[in-house]
Amino acid sequence: MFLSVIAIIASCFLLKLILKTSLVQIMKKWWQLFEDGCYVYQFYRVPQFNHNMQENQLYKKVCTYLNSLPCAEDSDFTNLFSGDKSNEINLVLDSNQIVVDNFLGARVCWINEQDENTGLKSLVMKIRKNDKRRILQPYLQHIHSVFDEIEQRKKEVTLFVNVDNEPQRNGRWRSVPFTHPATFETIVMDTDLKNKVKSDLDNFLKSKQYYNRLGKIWKRSYLLYGPSGTGKSTFIAGVANMLNYDVYDVDLSRVTDDSDLKLLLLQTTNKSLIVIEDLDSYLGNKSTAVSLSGILNFMDGIFSCCGEERIMIFTVNNKDQIDPTVLRPGRIDVHIHFPLCDFNAFKSLANSHLGLKDHKLFPQVEEIFQTGAVLSPAEIGEIMISNRSSPTRALKSVISALHINTESRAATRHARRLSESGSVRTVEETGDSGIFCKDSVREFKKLYGLLRIRSSRKDSSFEFDTSDKDNSRHDN
């Protein structure tokens with residue numbers, strides 16, 4: 001019995017020693033060597049340079065792919081390098097290290113070799129011969145796809161604008177880094193609509209083979225319509241940052257003719273957003289150098305096939321004034337309405353700008369919206385930014401702005417009725433209405449810091465100086 005107890009204790013100690021030391025790894029390597037001896041392998045070498053000492057692009061892609069694998073961390077020796085971004089750390093395999101990858105149930109080994117005489121590096125792929133025909137081509141295509149995804153994530157977004165000075169020497173596009181901080185998550189939009197748009201974009205990115213099978217150009221066109229200040233430009237920035245696509249902002253006022261517009265399109269790259277803002281203003285301007293036919297050909301003419309994986313975005317204030325030929329399917333695939341702010345959009349703004357998910361003043365704000373008061377998200381957002389130190393003061397300022405908007409609209413309707421009735425008196429001659437409109441606009445602008453004009457009325461609550469003190473006292 002004593003010897004049995006000693007044997008059990010020794011066995012437990014030995015098992016614990018094996019689990020906590022490198023003996024497990026040694027045993028795994030021995031087993032792997034035994035297993036390798038039971039199979040016939042095929043080897044493929046990927047040199048760093050070709051015979052002309054030009055860099056082998058496949059070597060670069062395989063290195064990027066292998067360094068992104070989780071199993072790279074399990075290598076015996078891995079180098080750590082800082083990346084392009086300040087917080088980025090890259091894993092790079094050291095020479096003569098082995099990485100084991102699994103693809104479609106097959107085991108693929110990569111050996112990082114370096115010639116001792118020349119110092120040239122190469123990667124050697126080792127796969128079982130009975131797996132070669134089944135996985136070789138799909139595996140290499142998989143490496144290409146993963147590399148493209150990694151490079152797309154690492155790429156910095158660039159904004160291009162067209163210019164008209166010395167195009168023969170410098171080309172038509174000038175570029176600057178696109179540093180807009182908007183993300184798709186920060187876009188103020190109905191949640192269901194945002195999810196539908198995101199799903200549409202995701203499906204587009206995965207549809208290259210589908211578009212090719214249909215014989216269609218791999219592109220997508222969006223029309224963003226709504227009043228100014230409703231978030232159309234912010235939406236474009238959020239999409240560009242989400243997809244990591246460059247942005248080509250086409251200024252039609254700098255385009256000389258239809259042929260010049262085609263040339264601009266030819267000089268754009270794949271995986272990009274091509275944007276024309278305020279299209280309705282150009283279409284309504286008869287003196288513009290670009291014709292309607294030129295714009296239609298730009299949208300879906302033969303020149304639009306000289307590139308793929310591109311998204312075209314057009315913005316207008318009122319799509320009812322646009323020629324129906326511009327809006328037909330094929331030229332515009334998705335219509336997205338950007339309305340003035342309603343109560344749901346207001347709550348999103350209050351959450352993002354003020355950190356408020358609920359407040360005692362919310363019912364009052366909702367009631368005013370139900371009366372028909374309207375402001376743009378940009379106007380409400382600016383009021384909240386100006387009063388962000390006091391959420392209560394910010395909400396009261398929004399309520400005051402909505403009241404002023406309601407009264408101004410009522411005065412405008414009254415003036416319109418007077419004009420339609422043939423009255424000789426103008427709004428200014430009627431006294432109260434005209435003065436009220438001017439004071440309303442003045443007071444409204446003061447709410448978000450555009451003007452700092454003192455009101456003639458002593459009990460005004462729109463002065464920053466007086467209201468800040470009063471409201472901060474109430475907040476405390």
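Some ground rules come with the model: it is predicted, local features need pLDDT of at least 70, side-chain atom pairs count only at pLDDT 80 or more, and totals for chains, interfaces and linings use all residues. Residues are numbered from 1 along each chain as its sequence is written, and side-chain values use heavy atoms, with hydrogens and water left out.

The chain holds 18 helices and 13 strands, taken as DSSP runs numbered from the N terminus (helices are H or I with at least four residues, strands are E with at least two). Of its 476 residues, 39% are buried, where buried means under 20% relative accessible area, exposed over 50%, and partly exposed in between (1.4 Å probe, protein chains only). As for contacts (heavy atoms within 4.5 Å), 67% of those with a separation of 6 or more link residues 24 or more positions apart.

On to the nonpolar cores, each a set of buried Ala, Val, Leu, Ile, Met, Phe, Trp, Tyr and Cys residues joined through side-chain atoms within 4.5 Å. The largest has 28 residues, and Phe235, Leu273, Ile311 and Ile336 touch the most other members. Two or more residues each come from helix H6 (191–205), strand S9 (219–225), helix H8 (232–243), strand S11 (272–276), strand S12 (310–316) and strand S13 (334–337). H8 gives the largest share, 6 residues. Leaving aside residues up to four places away in sequence, Ile336 touches Met189, Leu193, Val197, Tyr222, Leu223, Leu224, Tyr225 and Phe235. A second, separate core has 27 residues, among them Tyr225, Leu265, Ile274 and Ile322.

Helix H13 (residues 343–354) spans 15 Å from first C-alpha to last over its 12 residues, close to the 16 Å expected at 1.5 Å a residue; the expected span is 1.5 Å times one less than the number of residues. Its buried residues are Phe343, Ala345, Phe346, Leu349, Ala350 and Leu354. They fall within an arc of 150° seen down the axis, so they line one face of H13; the arc is that of the directions from the helix axis to the C-beta atoms. At the start of H13, a side-chain oxygen of Asp342 comes to within 3.4 Å of the backbone nitrogen of Asn344. Just past the other end, Gly355 has a positive phi of about 70°.

In helix H14 (residues 362–370), Phe362, Val365, Ile368 and Phe369 are buried. Their arc is only 125°, which puts them on the same side of H14, while Pro363, Glu367 and Gln370 are exposed on the other side. Gly372 follows H14 with a positive phi, near 105°. Helix H15 (residues 377–386) buries Pro377, Ile380, Gly381, Ile383 and Met384. These cover an arc of only 160°, again on the same side of the helix. Helix H16 (residues 391–420) contains Asn405, which is buried at a relative accessible area of 17%. Beyond residues up to four places away in sequence, Asn405 touches Ala373, Val374 and Leu375.

Finally, confidence. The pLDDT (the predictor's confidence in each residue, from 0 to 100) averages 79 over the chain, with 76% of the residues scoring at least 70. It stays under 50 over residues 423–438, which have 14 contacts beyond four places in sequence. The pLDDT is also below 50 over residues 444–476, a stretch with 54 contacts beyond near neighbours in sequence. Where pLDDT is low, the predicted coordinates should not be read in detail.

Key. A polar contact is a pair of N or O atoms within 3.5 Å; within protein, one must be able to donate a hydrogen and the other to accept it, and residues adjacent in sequence count only if both atoms are side-chain atoms.
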